[in-house]
Structure formats: structure tokens, C-alpha cells
Amino acid sequence: MSITASNAEQADPVFAIGSAVCGPFETVSMYRNLTIRQKQIVWAWAFLALPVLFYTVIRFYPTGNAILISFQNWNLLGARTWAGLENYEKLWNDPVFWKVFQNTFLYLLIGTPLSLVLSFVIAYHLDKLRFMHGFLRMLYFLPFMTSAVAMAWVWRWFYQDVPIGLFNNILSGFGIPQISFLNSTTNALPAVLAPAVWAGLGFQVIIFMAGLRAIPTSYYEAAKIDGVGWWTVLTQITLPLLRPTIVFIVVFSSIGFLRIFDHVFNMTTNNPGGPLNATKPLVLMIYDTAFNGFNMGYAAAQTVVLFTILLIVSLIQLRLLRSE
């Protein structure tokens, strides 16, 4: 039986795509001569065309444009002028950038392991609890669902001096001198980091609990029969089988701390990133350079540096934590 072009197009939507490029009869002939594997590839690209177009327009083009702007001078209003490596040289010689660079890695190096350990300990014990299990799990997850802006302002109130701040009021009640949380170059960064860690615990606890539930109980039953202690079970069974979960949480958490912005900006709103840039992360410096200094080229150079850091840190973590 012969197949007409119209019948073929109705039977297979790929013909409609091919007909726009070639004639309908040529498309029929070409498609009929393809192997099953080649037809699968055609269908795969037909379905992937829209997502690829979306990521090209929404993701890849802005990224490439940002890299281009990093080699230019632009104030958002005038014309762009070529600057070459001027913005990167300025970045290299900028002491504020190196202070911000240090702060960003402090957020990463303190926040990621701290949140990882806390979330695992909570998930490990919460998984064994049966009384009010769902309610407690909801309480831990609630901060993750709360607006970061609202949370930052509540914690900012906690940190205020007597008689406003909750923490200093508690300290004064025990006769302990009050602590300058947000106005001290020593205390400000840990004070800002604390609510950021607390806000992300709920999500990480849920992910850890899902990983714990995925471990077959037969491993624990065999260990119990053999009389193996809890520490051996934890280090030889639980943690090795949780490696994929740990990799996901470490990478996800690291990206979050490297991109920290909301908590810092709202908790130090009178002096963003202060005092004396003690809490300023790289994202806040990019924002300040672009929309307060109107130096888009310099801000784009900082963005490229942040992108490179995120890429390198993620690849290193995936390399070190990948399964054997």
C-alpha cells in the first residue's frame, strides 16, 4: 500500500517538522529509510528542541553576554566601550574584593559542614522517633518555607541591644555582659551565618530521612544478628549507603552558601555587608557594583569569577564524594 504525504504527516508529527525544510514527499522517503535507532534519535531531538531553545535563550545567552560585558565598560545608559582585561586587573588589585572573597569562602567552609552534620544528626534520631514524627518533621521544614527576608528581620531583632534584643535580654538576665552581634567585625559573620544554616536545615533533614528510608532493613537485621555495635553500623552501613544523598546535600548547600545574599542584605541593611565589609559576600558586591555604582562591566567580571568558583567547587566535590 502506498503512503501519501498527508497520511504520513497525520500518522507521525515528525513529518510536519521535516516538511518545513524539505518537501513532503522527500520527508516521507527520508523517514522511511531511517533505521529504528535513527528514528529514536529524531524523536528525541524533536522533544528536546523546545527545552534546548529555552535554555539557549534564558540561560546560555545571558551567560555569554555577561562574559562579553566583563570585557567592556558600560553604565547602563551610555554605549558600551571595549576595555579588554581592565576589569579583571581592577578586580585583582581591589582589596575589597579579596575581603569579600574571603568572606564568601568562610560562609562556605563553616556553613556547609555545620549544616551537614546538624541535619544528619537530626534526621538520624528523628527517623527512629515514632511519637509525633510527622509534626516534628513539619516543624523542622517550616523555616525552609519561610520568607528569607522575614526571617532575617526577626533574627535581626534577636540580635539587638538591650532592651530590644531577645538574646541580649536573656544574657542580661543571667548577669552576662551583652554581646554586639551585628556591629562587631568578629561576631557579625557568624551571627549572619546562623539563621542561614537554620533556614536550610529543614530541607536537608527531609533529604537525609529519604536517604535513610531507602536503605534496605536487611542490612540492619544482619548486623543485629551478628551483634555489631551501633558505631560500626553507622560508619560501615549507614554512611556508605548515604553517599549519594551526602553528595547531593553538600553540592546543593555549597552553592547556596556561595550565593548567600538575602540574609546578609536584610540583617545589615543600614550598612549592607558591614561593619567594614566583614559580612559582605560576592553576590552582594556584584549587586552593589551594578546597581549602586552603575559599573556593569566590573560587576560582570565579578559574576564571571563567582561562576568559575561555583563550577570549580562543584566539580571538586563531585570528584571527591562520588561513589567508588
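1. The aromatic pairs come to 29 in this predicted model. The rule is that rings of Phe, Tyr and Trp (its six-membered ring) pair if their centres lie within 6.5 Å. Planes under 30 degrees apart count as stacked, over 60 as edge-to-face and the rest as tilted. Phe97 and Phe101 form a tilted pair, because their planes stand at 45°, with the ring centres 5.9 Å apart. Phe97 and Phe101 sit 4 residues apart in helix 6, about one helical turn.

2. Phe101 is partly exposed, at 25%. The cut-offs are these: buried is under 20% relative accessible area, exposed is over 50%, and partly exposed lies in between (1.4 Å probe, protein chains only).

3. A note on the basis of the values. This is a predicted model, in which local features need pLDDT of at least 70, side-chain atom pairs count only at pLDDT 80 or more, and totals for chains, interfaces and linings use all residues. Residues are numbered from 1 along each chain as its sequence is written, and side-chain values use heavy atoms, with hydrogens and water left out.

4. Trp155 and Phe167 make an edge-to-face pair, with 6.1 Å centre to centre and 70° between the planes. Trp155 belongs to helix 8 (residues 148-158) and Phe167 to helix 9 (residues 166-173), so this pair ties together parts 12 residues apart in sequence. Trp155 is buried at 14% relative accessibility, while Phe167 is partly exposed at 26%. Both belong to a cluster linked by ring pairs: Trp155, Trp157, Phe158, Tyr159, Phe167, Phe181 and Trp198.

5. Now the fold as a whole. The protein has 16 helices and 2 strands. Helices (H or I, at least four residues) and strands (E, at least two) are DSSP runs, numbered from the N terminus. Of the 324 residues, 37% count as buried. Among contacts with a separation of 6 or more, 61% come from residues 24 or more positions apart. Contact means heavy atoms within 4.5 Å.

6. Helix 6 (residues 95-128) packs with helix 7 (residues 133-145) at about 160°, and the axes are 10 Å apart. Helix 6 is therefore roughly antiparallel to helix 7. Axes are lines fitted to C-alpha atoms, for helices over the stretch in contact, and angles run from 0 to 180 degrees between N-to-C directions. Angles under 35 degrees count as roughly parallel, over 145 as roughly antiparallel, 65 to 115 as roughly perpendicular and the rest as oblique.

7. Which residues make this contact? Helix 6 contributes Ile122, Leu126 and Asp127, and helix 7 contributes His133, Leu136, Arg137 and Tyr140. They divide into 4 nonpolar, 1 polar and 2 charged. Ala, Val, Leu, Ile, Met, Phe, Trp, Tyr, Cys and Pro count as nonpolar, Asp, Glu, Lys and Arg as charged, and the others, Gly among them, as polar.

8. Helix 10 (residues 188-213) and helix 13 also pack at about 160°, with axes 11 Å apart. These two are therefore roughly antiparallel. Helix 10 brings residues including Leu193, Phe203 and Phe208 to the contact, and helix 13 brings Ile246, Phe252 and Phe257, among others. The contact residues divide into 11 nonpolar, 4 polar and no charged.

9. Val250 lies in helix 13 (residues 243-258). Val250 is buried, at 9% relative accessible area. Thr112 is 138 residues from Val250 in sequence, yet their C-alpha atoms are 6.7 Å apart in space.
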